[in-house]
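Work through the following exercises with the sequence and the model side by side, and try each task before reading its solution.

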Amino acid sequence: MSKSKKNEFSPNEFVVYPAHGVGQIISIEEQEVAGMQLELFVISFEKDKMTLRVPTNKATEIGMRGLSSPDVIEQAMRTLKGKAKVKRAMWSRRAQEYEQKINSGDLIAIAEVVRDLHRTDDQREQSYSERQLYEAALERLTREVAAVADGDEAAAAKKIDDVLVSRAPAAA
């Protein structure tokens with residue numbers, strides 16, 4: 001294994017892992033796997049009480065990235081303000097697309113899911129699966145907005161909610 005490429009992530013840094021959202025690298029460790037020495041990022045997902053070990057040489061390949069820049073956060077907020085775009089496809093097909101967007105790790109795609117699945121009190125009730133996807137996307141978005149700002153999830157949640165509430169009502 002070549003050590004020439006310097007790791008682009010370092011301990012204590014917050015990163016986004018596509019399938020799990022925001023986590024913090026707690027260390028980089030060596031481990032022997034199947035007779036080979038592997039260098040691994042040890043990433044803690046505090047909220048999920050989960051620890052993930054990712055080979056350092058595969059991190060970017062699998063889509064692990066640093067936190068979004070404030071510009072990307074702004075772009076995500078603008079996306080939230082937009083009008084919901086709901087395709088006329090069957091729910092199972094749309095659900096699959098939403099799931100893919102959430103697990104892409106792409107903050108703008110996640111914001112699109114939040115925007116498209118957000119319901120105001122006077123709109124029709126969400127199905128259980130719609131609500132699950134909405135909450136998963138909202139949680140990912142909130143955690144990253146908080147991590148970029150100052151770690152205050154309550155403030156991030158309020159900021160996102162204010163944007164959603166302020167936008168023009170979608171046609172039900």
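**Exercise 1.** Locate Ala34 among the strands, and decide whether Ala34 is buried or exposed.

*Solution.* Ala34 sits in the loop that runs between strand E2 (21-33) and strand E3 (36-45), where strands (E, at least two residues) and helices (H or I, at least four residues) are DSSP runs numbered from the N terminus. The relative accessible area of Ala34 is 80%, so Ala34 is exposed; buried means under 20% relative accessible area, exposed over 50%, and partly exposed in between, with a 1.4 Å probe and protein chains only. Although Ala34 is not a glycine, its phi is positive, at about 50 degrees.

This is a predicted model, in which local features need pLDDT of at least 70 and side-chain atom pairs count only at pLDDT 80 or more, while totals for chains, interfaces and linings use all residues. Residues are numbered from 1 along each chain as its sequence is written, and side-chain values use heavy atoms, with hydrogens and water left out.

**Exercise 2.** State where Lys49 lies and what its phi is.

*Solution.* Lys49 belongs to the loop between E3 and strand E4 (50-55). Its phi is positive, about 50 degrees, although Lys49 is not a glycine. With a relative accessible area of 76%, Lys49 is exposed.

**Exercise 3.** Describe how helix H1 packs against helix H3.

*Solution.* Two packed helices are described by the angle between their axes and the distance between the axes. For helix H1 (residues 70-81) and helix H3 (residues 107-117), the angle is about 25 degrees and the axes are 8 Å apart; axes are lines fitted to C-alpha atoms, for helices over the stretch in contact, and angles run from 0 to 180 degrees between N-to-C directions. H1 is therefore roughly parallel to H3, since angles under 35 degrees count as roughly parallel, over 145 as roughly antiparallel, 65 to 115 as roughly perpendicular and the rest as oblique. The residues in contact (heavy atoms within 4.5 Å) include Val72, Ile73 and Leu80 of H1 and Leu107, Ile108 and Val114 of H3.

**Exercise 4.** Place Asp150 in the chain, and find which backbone nitrogen lies 3.0 Å from a polar atom of its side chain.

*Solution.* Asp150 is found in the loop between helix H4 (128-149) and helix H5 (153-166). Its relative accessibility is 59%, so Asp150 counts as exposed.

Conventions. A polar contact is a pair of N or O atoms within 3.5 Å; within protein, one must be able to donate a hydrogen and the other to accept it, and residues adjacent in sequence count only if both atoms are side-chain atoms.
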